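Here is a short briefing on one protein chain. Please keep the sequence and the 3D view at hand while reading.

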Amino acid sequence: MTRQEQQLNNDVIRTIKRHLTNRYRPPSYKYICSILDKYGKITARGNNWTPKRLFRMLQRQSISGLHGLHRRLHKLD
């Protein structure tokens with residue numbers, strides 16, 4: 001993974017974290033993809049986000065999907 005891809009992924013994750021406001025339930029992948037598209041965030045290959053692409057990107061970052069990111073942010077056990 002190049003430095004540019006790492007920076008892009010970190011920027012996308014920061015954007016997602018801003019929208020994980022509900023303490024009890026993470027939003028859907030479709031909703032997060034629409035948010036990323038709204039802010040003009042694109043994938044490393046220059047495409048729009050899809051739920052599958054978002055899930056795979058989070059997996060590559062060792063995050064178990066939106067649920068895992070939500071658990072990290074809210075420290076739910």
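Helix 2 is followed by G40, whose phi is positive, near 80°. This is a predicted model, in which local features need pLDDT of at least 70, side-chain atom pairs count only at pLDDT 80 or more, and totals for chains, interfaces and linings use all residues. Residues are numbered from 1 along each chain as its sequence is written, and side-chain values use heavy atoms, with hydrogens and water left out.

**Overall layout**

- The protein chain has four helices and zero strands. Helices (H or I, at least four residues) and strands (E, at least two) are DSSP runs, numbered from the N terminus.
- Along the sequence, the pattern reads α-α-α-α.
- The protein chain has 77 residues, and 31% of them count as buried. Buried means under 20% relative accessible area, exposed over 50%, and partly exposed in between (1.4 Å probe, protein chains only).
- Take the contacts between residues at least 6 apart in sequence: 56% of them join residues at least 24 apart. Contact means heavy atoms within 4.5 Å.

- Helix 2 spans residues 29–38, and its buried residues include I32, C33, I35 and L36. These four lie on the same side of helix 2 because they cover an arc of only 160° around the axis. The arc is that of the directions from the helix axis to the C-beta atoms.
- K30 and K38 are exposed, on the face turned away from the buried side of helix 2.

**Helix 2 against helix 3**

- The axes of helix 2 and helix 3 come within 9 Å and cross at roughly 90°. Axes are lines fitted to C-alpha atoms, for helices over the stretch in contact, and angles run from 0 to 180 degrees between N-to-C directions.
- From helix 2, Y29, K30, I32, C33 and L36 meet P51, L54, F55 and L58 of helix 3.
- The residues of this contact divide into eight nonpolar, no polar and one charged.

**A buried lysine in the loop**

- K41 lies in the loop between helix 2 and helix 3 (51–60).
- K41 counts as buried because its relative accessibility is 18%.
- Leaving aside neighbours within four places in sequence, K41 is in contact with D11, V12, T15, L36 and W49.

How values were computed. Ala, Val, Leu, Ile, Met, Phe, Trp, Tyr, Cys and Pro count as nonpolar, Asp, Glu, Lys and Arg as charged, and the others, Gly among them, as polar.
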